[in-house]
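Trainee: I am new to this one. Could we look at it together and go through the terms as they come up?
Mentor: Gladly, here it is.

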Amino acid sequence: MKILIIGGGPAGATAARLLAKEFDVTLIQDRVWDKPCGGGVKKWIFDEFSLDNSLILHLQDRVFMVYKNEKIEIPLKGDNLAIVRRLDFDAYLRNEAQKEGAKLIYGKFKGIENKKAVIEINKEKVIFEYDILIGADGVNSNLRKALNLPPIPKTITHYARTAEYKTKYCEFFFDKELGGEYYAWAFPHGDLTHIGSVDKNSFDNLCKYLNVKVKPKGYFIPTWQEDIIIQKENVFFVGDAAGQVMPLSFEGIYYAIKSAEILANCIKNNLNYQEEWNKRFLKDFNLMKKLESINKTFLRGLVVRAHKLEFVKNFSIHLWLGK
Ligand SMILES: Cc1cc2nc3c(=O)[nH]c(=O)nc-3n(C[C@H](O)[C@H](O)[C@H](O)COP(=O)(O)OP(=O)(O)OC[C@H]3O[C@@H](n4cnc5c(N)ncnc54)[C@H](O)[C@@H]3O)c2cc1C
């Protein structure tokens with residue numbers, strides 16, 4: 001059986017790696033890309049998927065929530081958060097897929113013609129046949145467009161890399177002026193710090209607050225909803241192309257990898273992908289969606305400050321750890 005995967009980020013590369021032993025898998029990636037990202041990922045994914053620990057730039061055993069100049073430490077019950085550089089992390093995952101037998105081709109998905117995929121490779125149109133097509137081409141998925149599926153609901157984020165602000169631990173800023181409807185953040189990244197917020201105004205305020213002068217770039221991030229279509233006949237979507245980013249925390253790397261695992265398992269065992277994904281994640285995503293709504297109200301300050309209490313910290317960490 002021929003499986004064609006569009007997009008070689010964490011979702012597509014993982015799906016390719018897990019399917020390549022049993023099927024004829026081709027992975028299409030448009031470019032070598034250092035995706036704008038905090039690069040924060042649950043550490044145990046490295047053990048679970050036998051990933052090389054040398055990809056980890058920083059290990060974090062705590063993070064900080066900041067609100068009205070109060071800084072609340074949240075211990076993570078061990079070195080549970082890893083920070084990776086996406087340029088290296090994504091390339092590594094694609095390489096692992098190749099080791100399992102997947103064919104990696106650098107080209108750009110252009111559309112579907114007569115149930116075949118059109119890929120542009122070195123300015124030439126090449127036609128690919130498939131039995132199964134997997135869309136892992138991110139939040140702006142061209143494959144969704146080609147199939148006339150509704151776009152992924154999303155929000156803009158502004159992001160930059162700076163050497164002007166240093167932090168040892170990940171920081172999350174909840175003041176509305178800094179984080180808009182969600183939150184702003186600063187993550188250590190080697191010699192640099194990656195910073196981000198949602199709208200441009202909040203990002204500018206964040207820069208003033210951190211005393212940083214930097215020009216941001218805007219990128220979209222999915223805002224998950226339960227009704228997003230993740231399968232149409234023999235075409236499946238995974239990761240950002242399926243909107244599978246955790247509400248409120250905006251954690252996407254872990255869920256891209258885990259959702260790819262669920263999809264691979266469904267293809268191998270002829271299971272229903274939506275049902276299996278729901279079994280594993282629907283409850284958690286719905287709960288976080290509710291907490292995200294609370295975060296958008298006047299209750300935000302109360303909730304953040306409540307994290308000074310031990311049992312609230314424990315509840316949040318339990319929620320994030322998912323175990
Ligand atoms: C500013 C920002 C910060 C973030 N920080 C974090 C964080 O700290 N931790 C976290 O867990 N998540 C974070 N996320 C979310 C995370 O980046 C995504 O959820 C994650 O990358 C999803 O992986 P994916 O493989 O589904 O999609 P992507 O990583 O977007 O990969 C899709 C791939 O498909 C390729 N592609 C796209 N179109 C085509 C085409 N037409 N043909 C061929 N290839 C194509 C792209 O080049 C890309 O490599 C952040 C997102 C943003 C925007």
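Trainee: Which residues come nearest to the ligand?
Mentor: G7, G9, G38, G239 and G252 do, out of the 40 residues around the ligand. A residue is near a molecule if its C-beta atom, placed from the backbone, lies within 6 Å of it. Keep in mind that this is a predicted model, where local features need pLDDT of at least 70, side-chain atom pairs count only at pLDDT 80 or more, and totals for chains, interfaces and linings use all residues. Residues are numbered from 1 along each chain as its sequence is written.

Trainee: How many residues of the shell around the ligand are nonpolar, polar and charged?
Mentor: The shell divides into 19 nonpolar, 14 polar and seven charged residues. Ala, Val, Leu, Ile, Met, Phe, Trp, Tyr, Cys and Pro count as nonpolar, Asp, Glu, Lys and Arg as charged, and the others, Gly among them, as polar.

Trainee: What makes α7 oblique to α8?
Mentor: The axes of α7 and helix α8 (residues 273-295) cross at roughly 140° and come within 9 Å. That angle makes α7 oblique to α8. Axes here are lines fitted to C-alpha atoms, for helices over the stretch in contact, with angles from 0 to 180 degrees between N-to-C directions. Under 35 degrees is roughly parallel, over 145 roughly antiparallel, 65 to 115 roughly perpendicular, and the rest oblique. Helices are DSSP runs of H or I with at least four residues, strands are runs of E with at least two, and both are numbered from the N terminus.

Trainee: Which residues meet where α7 contacts α8?
Mentor: S259, I262, L263 and C266 in α7 meet Y273, E276, W277 and R280 in α8. Contact means that the C-beta atoms, placed from the backbone, lie within 7 Å. The residues of this contact divide into five nonpolar, one polar and two charged.

Trainee: Why is K115 called exposed?
Mentor: K115 has 11 other C-beta atoms within 10 Å, so K115 is exposed. The cut-offs are 12 or fewer for exposed, 20 or more for buried, and partly exposed in between. K115 lies in the loop between β9 and β10 (116-121), and has a positive phi of about 60° although it is not a glycine.

Trainee: What makes N211 count as exposed?
Mentor: N211 has 8 C-beta neighbours inside 10 Å, and therefore counts as exposed. N211 sits in the loop between α6 and β17, and its phi is near 60°, a positive value in a residue other than glycine. Most residues other than glycine have a negative phi.

Definitions and conventions. Two residues are in contact if their C-beta atoms, placed from the backbone, lie within 7 Å.
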